[in-house]
Every structure is written in C-alpha cells, then in structure tokens.
Amino acid sequence: MTTNAELHERYRAVLPSFLKPLYDDPISIERGEGSYVWDVEGRRYLDFFGGVLTTMIGHANPAVVEAVRNQAGKVLHTSTLYLSEPMLELAEEIAALSGIPDARVFFTTSGTEANDTALLLATSHRKSNQVLAMRNSYHGRSFTAQAITSHSSWSSTSISGLAVSFVQGGYKLRSPFRDLDDDAFTRAAVEDLQQIIDMTSAGDVACLIAEPIQGVGGFATPPDGFFGDFQKVLANYGILFISDEVQTGWGRTGEHFWGYQAHDLVPDMLTFAKGVGNGITLAGVVARAAIMETIEVTSFSTFGGNPLSTAAGLATLRQVRDQDLQGNALRMGQRLRDGLQPVVERNPWIAELRGKGLMLAIETVQPDGIGPDAGRATAVLEACKDHSLLVGKGGLYGNVIRITPMLNVSPDEIDEGVAALAAAIDAS
Ligand SMILES: Cc1ncc(COP(=O)(O)O)c(C=O)c1O
C-alpha cells in the first residue's frame, strides 16, 4: 500500500517548495463520496474545506460524474472556434444569474486568469493602469493578480505594470477603525477611499476590485452595504467595480447568490471560479457588453469554456438551483454558527467567529489582546485532523481556521463537524 509519508517525500522532491501541503504529516486523498473523503491509508475524514471551496456539492457527486462521463465519451475539447452547446447554455445561465445588465461571459481556466481578464478589460476600457484594491486581499498568483494582492505572505513580487493603491477594507478586527460601530466604520473606509482617489491617483482610475468576503484573508467580512457606499464614490469618477466572487459565489453565503448582493450594488464585472465546476477547472468573467467589447482584436483562452468543464458546471448549477442549496447554506450555516458559538465564548484566544452561510472562520489570538497566534490555529487544524475533520487555514498571519462545508451538507454532518471542532478547539 502507498503511504501518505511516501507521497510526501515524492511531493517534496519534485514540486516547488512554495507549495505547502497542510499538516505536519500531510495526507493524500484517494477518493471521496459526498462530504467524506478517504486517504490512501484508508482513513475517513469529514471534509469541511472541499479543497478550498472547490468541491462544492459533494465528492463524486453522481449527477456531475454522469455529466462529465457523458461529455468525455462525446468530445473533450473543441475551443471557442466552434459552437459548443454546453458552453453556450452555461454562459446563458450565468449571464442571467449574474445580475449584470446586458451581460457577456468569457470562460477561463482559473480564478487568476478571470481576474487578469477583468483587469485587462477595466484598464483598456478606462485607458488607465491605475487600480484600487482592498487591503488584505488575494486575487491569484499571476503577475497582474499578484499586483492587486495585499497579503505579504502571499505576495511574491512587487513589480508590476499596474499602479495599485490599497484601500482600507472590511477586515475590521485589524483595522485602525475597529472601535467604530458598523456605520461609522463604513463611513471611515469611504472617507479613506475618497482620500486615496484624491491623493494617490493621476487622472482616471480604471477600477476597484474587491472580494465581498476575503477568502485567503481569513473570511474578513465587512458590514452589509459597505461596498454599495464605496460604489457611490466610484460612480462620481466612472471607476468600475469588479466583484471577485471566486469564493463567495453560487449561494455559499446563504443570504445571497453572490457576495456583492449584501451591498446594494450592481458590479460592472464579476469573476468566478472554484466551486462552479465542483472540482473541474471552470472559471470566468462576466461584464457588461460595453466593457467586454473594449477588446476588439481576437482574444482566446484555449481551454476556457471547454465542453467537459461546462458540462460539469451545468450539472453543478442545476443542483444548486433545483435543490435550493443557497437555502441549505443559510440553514446549515446558522446551525454551524449556533454550534460553534459556545465553544468560541469559552475560549478567550478566539477573537471572533465571522463570515456568512457556509463560509465561517475563527481567528486565534493571544488571550490578552488581538496579537495573532498562528501556533494555536495550527494546533486546531491538527487536532481537527485527529478528530477526522478537514478544515482550512488562512488569514493575514496564518491564524485563521476556515470552515466551508459542502453546500448540500446535511444537519447530521454539521453536528458531527461541530462536535469535532469543539473537541479540537477545547484541546488546543
Ligand atoms: C478570491 C480569490 N480570487 C482569485 C483566486 C485565484 O483563483 P485560482 O487559484 O483558481 O487561480 C482565489 C484563489 O484562492 C481566490 O480565493
């Protein structure tokens, strides 16, 4: 039998050292079914991370498997030089769901490439290389996506053709405005935005890009309406608003289908990736036609919108819609929150439980303040694994535990996860 340890050795020998598997003793997931996975040594885990919110409606989901199998037996790839029906059907569906008027959809293969495209569009449309992004943001690993990432442990270069200013964001716990109530906090951030525009821009600014809830940043969640107030300022200058929905899309936040909908605004563009293919590579950008059509030359992504990915996307979205998985995210998210609240209250080294729906996080700190305690987050992560539960880690200082069950998680699975988390947290 292959062991986890053997695979770890091979991983270390052949992959770059900037790839960092979770856990002191990393595991290899051999198979999955619904909310559960099994490692190569046969041990079963409840999966409350989904490979970073990417397996969204369960491992080996029968309808997705069937759609992929079916499509694989017909044709795997044709490219946008041809008229693929699954691609068109999915584009029509996403355009209608996006809330963006006169929407056009361009499919890519990753969230990074989707954000790259959104920046290409915004900077071309506005004829400006000036971009606003949020502090504590993460938008991907390419050269351009790194330029709008504000997270020193994830920023691999400061070199860029973009001129980026970082605005005070929704990470209230570590904001200089943290002592203000939500309305005053939002007003302070809006004033900061205005000042950044007045003090750091030279002529037109192309866009502001934001995650409605910051993913890698540890599910930092601004008050509802925060970005709507931002957009009122941006509109005075024609600055485009791009909503990065890579983690917040498809009903995960429970209250809404898209994260931006908590903010009373309509974005000019949104980007998506991760969960929509339920593990198959599928991503893209939605923009108003007037913005999308700024690119007049031929532009093309070889694998973007391929029949296999879009068949998986259609099967995933159909279940999200037909089984009201957004409603399930709301109900199960509340159950998860209610279960974790007492655990959080009895452990003074947890600063807060935050997030929405099935996108919840706890931040670990020194008990006497908000000084980050990454060691405690690592201890919780490892202890969860000991209790056969997979969760994620993140946050500015690696001191946040991210909890993101499948959108179709059951009440029993939530209760099992809460029990494991409670035992892990109390033991850490
Ligand atoms: C909010 C957000 N945007 C973009 C990306 C980049 O997506 P990908 O890793 O598919 O390139 C990520 C990845 O974690 C993300 O969380």
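1. Helices here are DSSP runs of H or I with at least four residues, strands are runs of E with at least two, and both are numbered from the N terminus.

2. Before going on, please keep in mind that this is a predicted model, in which local features need pLDDT of at least 70 and side-chain atom pairs count only at pLDDT 80 or more, while totals for chains, interfaces and linings use all residues. Residues are numbered from 1 along each chain as its sequence is written.

3. Helix 5 is largely enclosed by the rest of the structure, because 14 of its 16 residues are buried. Buried means that 20 or more other C-beta atoms lie within 10 Å of a residue's own, exposed means 12 or fewer, and partly exposed is in between, with C-beta atoms placed from the backbone. After the helix comes K127, with a positive phi near 50 degrees.

4. Helix 5 (residues 111-126) also gives the most to the shell around the ligand, three residues. That shell has 16 residues, and S110, G111, T112, G140 and V246 come nearest; a residue counts as near if its C-beta atom, placed from the backbone, lies within 6 Å of the molecule. By class there are six nonpolar, eight polar and two charged residues. Ala, Val, Leu, Ile, Met, Phe, Trp, Tyr, Cys and Pro count as nonpolar, Asp, Glu, Lys and Arg as charged, and the others, Gly among them, as polar.

5. Seven strands make an open sheet with mixed pairing, in the order 4-10-9-8-7-5-6; two strands pair if DSSP finds at least two bridges between them. Strand 4 (103-108) and strand 6 (163-167) are at the edges with a single partner strand each, so one side of each has no neighbour in the sheet. From one strand to the next, the twist averages 20 degrees. Helix 7 (residues 182-200) packs on this sheet, touching strand 5 (130-134) and strand 6, and its direction makes about 155 degrees with that of strand 6. Contact is taken as C-beta atoms, placed from the backbone, within 7 Å. Axes are lines fitted to C-alpha atoms, for helices over the stretch in contact, and angles run from 0 to 180 degrees between N-to-C directions.

6. Within that sheet, strand 9 (residues 269-272) is worth a look: M269 and T271 point one way, L270 and F272 the other, and all are buried. Strand 9 pairs in the parallel sense with strand 8 (residues 240-244) over three bridges, and runs antiparallel to strand 10, joined by four bridges. T271 stands opposite D244 in strand 8, and its bridge partner in strand 10 is V285.

7. A second open sheet has four strands in the order 1-2-3-13, again with mixed pairing. Strand 1 (residues 29-33) pairs with strand 2 (residues 36-39) in the antiparallel sense over four bridges. Two residues lie between these strands in their hairpin, where G34 takes a positive phi near 60 degrees.

8. Lastly, S156 sits in the loop between helix 6 (143-147) and strand 6. S156 is exposed, because 11 other C-beta atoms lie within 10 Å.

Note on methods:
Two residues are in contact if their C-beta atoms, placed from the backbone, lie within 7 Å.
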